[in-house]
Amino acid sequence: MATAAAISLSLPPQTRRLSASIAAPLRSICSLHFDSLRSNFYSLRNPNFRVVASSMRIGTPEEISTTSFLDRKESGFLHFVKYHGHGNDFILVDNRDSTELRITPEQAVKLCDRNFGIGADGVIFAMPGVNGTYYTMRIFNSDGSEPEMCGNGVRCFARFIAELENLHGKQSFTVHTGAGLIVPEIQEDGKVKVDMGEPILKASDVPTKLPANKDQAVIKSDLNVDGVLWNVTCVSMGNPHCVTFGSEESQNLTVDELNLAAIGPKFEHHEMFPARTNTEFVEVFSHEHLKMRVWERGAGATLACGTGACAVVVAAVLEGRAGRSCTVDLPGGPLDIEWKEEDNHVYMTGPAEAVFYGSVAV
């Protein structure tokens, strides 16, 4: 797989505003200063992006053409921008001119490979809106499966749309996803606040085969995983989540001590979850402060999971462990989550940043 990349430099905020549509995606794309590049150019390394290069260019935004990089139409090449939300990283593809995806799930798997591809937790497509929405978001996980939604992904999606449409300041738009209508709002500080909708608690709709134990919901129920009884609460944020604060052996988790690679797949593929599940392991610091690690369905251990953080706060409220407004620490950084009582919607606020843009032969 041949890859060509163009990388721009990070600049102070006051110099980042450019009128050209290509300028915005280049913010924060490379953390190196131009002066240091002259001596370090040949030592550049990025473990998450292997460039089997036909060409590579490094330059300041002033040197970049006003023609958007993503407007290029070379046959056989996929143009993309890589984004991350607290380290949960995605390949963003402009697919607004077609309802047919530009790549297959098998190609997505190759692109997400961190040794032989670009490296990412998933590929996200910006597509035409349906049912009155402005846009549609679809995503392939790194294993080629297609989830209903992704919280960190939708923040990256929102920033990507803003760059494509050359939008500035506070903006919001409607997005159709497999989990239904999602409304992201870009804040003045660049963070993205997302109305994630209402949590789904009915066991059969999560879905889980665990028997409901409170108002058709599974709250602080026992789940036997390899002979260990875990206390779990099941929540769907349009995709299934199994949230646990502890087990019979360890009532209060210290999440950094967990062997996530060993225990995570056992939850994901447990027979009680017919659609598989995302699993969040949670440590409680206070009524407003939680810490989690996540094993994502189809992606494994990731640095952040937006829908997971939402599910964690919902579960913490249902179990009486936390209030409705919390900061949730993830390995990649914190998210602010609020489950509003007045409308029953969950709101997530956090960053999304461009990493680099490039082209890959497909």
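**Arg114 counts as partly exposed, at 29% relative accessibility.** You're looking at a predicted model, where local features need pLDDT of at least 70 and side-chain atom pairs count only at pLDDT 80 or more, while totals for chains, interfaces and linings use all residues. Residues are numbered from 1 along each chain as its sequence is written, and side-chain values use heavy atoms, with hydrogens and water left out.

**Asp89 and Arg114 join their side chains in a salt bridge, 2.7 Å from N to O.** The two sit 25 residues apart and link distant parts of the chain: Asp89 is in strand 4 (residues 88-94), and Arg114 is in the loop between helix 2 (105-112) and strand 5 (122-128). Helices (H or I, at least four residues) and strands (E, at least two) are DSSP runs, numbered from the N terminus. To count as a salt bridge, a side-chain nitrogen of Lys or Arg has to be within 4 Å of a carboxyl oxygen of Asp or Glu. Why do such pairs form? Side chains of opposite charge can pair when their charged atoms come close. The structure holds 14 salt bridges.

**Lys170 forms a salt bridge with Glu185, with their closest N and O atoms 3.9 Å apart.** Here, too, distant parts of the chain are linked: Lys170 is in the loop between helix 3 (151-164) and strand 7 (171-172), and Glu185 is in strand 9 (residues 180-186), 15 residues apart. Lys170 is partly exposed at 49% relative accessibility, and Glu185 is partly exposed at 26%.

**Asp226 and Lys266 meet through their side chains in a salt bridge, 2.6 Å from N to O.** Asp226 lies in the loop between strand 11 and strand 12 and Lys266 lies in helix 4, so this pair ties together parts that are 40 residues apart in sequence. Buried or exposed, what is Asp226? Asp226 is exposed, with a relative accessible area of 62%; Lys266 counts as partly exposed at 37%. In another spot, salt bridges that share partners join Lys82, Asp89, Arg114 and Asp121 into one network.

**Arg155 is buried yet has no salt bridge.** Arg155 lies in helix 3. The nearest side chain of opposite charge, Glu353, is 9.3 Å away; for charges, Lys and Arg count as positive and Asp and Glu as negative, and His and the chain ends are not counted. So what does Arg155 touch? Its contacts (heavy atoms within 4.5 Å) include Gly85, His86, Val192, Leu335 and Met348, leaving aside residues up to four places away in sequence.

**Helix 4 (residues 260-268) has Leu260, Ile263, Gly264, Phe267 and Glu268 buried.** They cover an arc of only 135° around the axis, which puts them on the same side of helix 4. That arc is taken from the directions from the helix axis to the C-beta atoms. Among the elements covering these buried residues are strand 12 (228-236), strand 13 (240-247) and strand 14 (278-286).

**The count of disulfides, pairs of cysteine sulfur atoms within 2.5 Å, comes to zero.** Cys234 is in no disulfide, and the nearest cysteine sulfur, that of Cys242, is 4.9 Å away. Cys234 is buried, with a relative accessible area of 1%, and Cys326 is buried too, at 3%.

Conventions:
Buried < 20%, exposed > 50% of the residue type's maximum accessible area, 1.4 Å probe, protein only.
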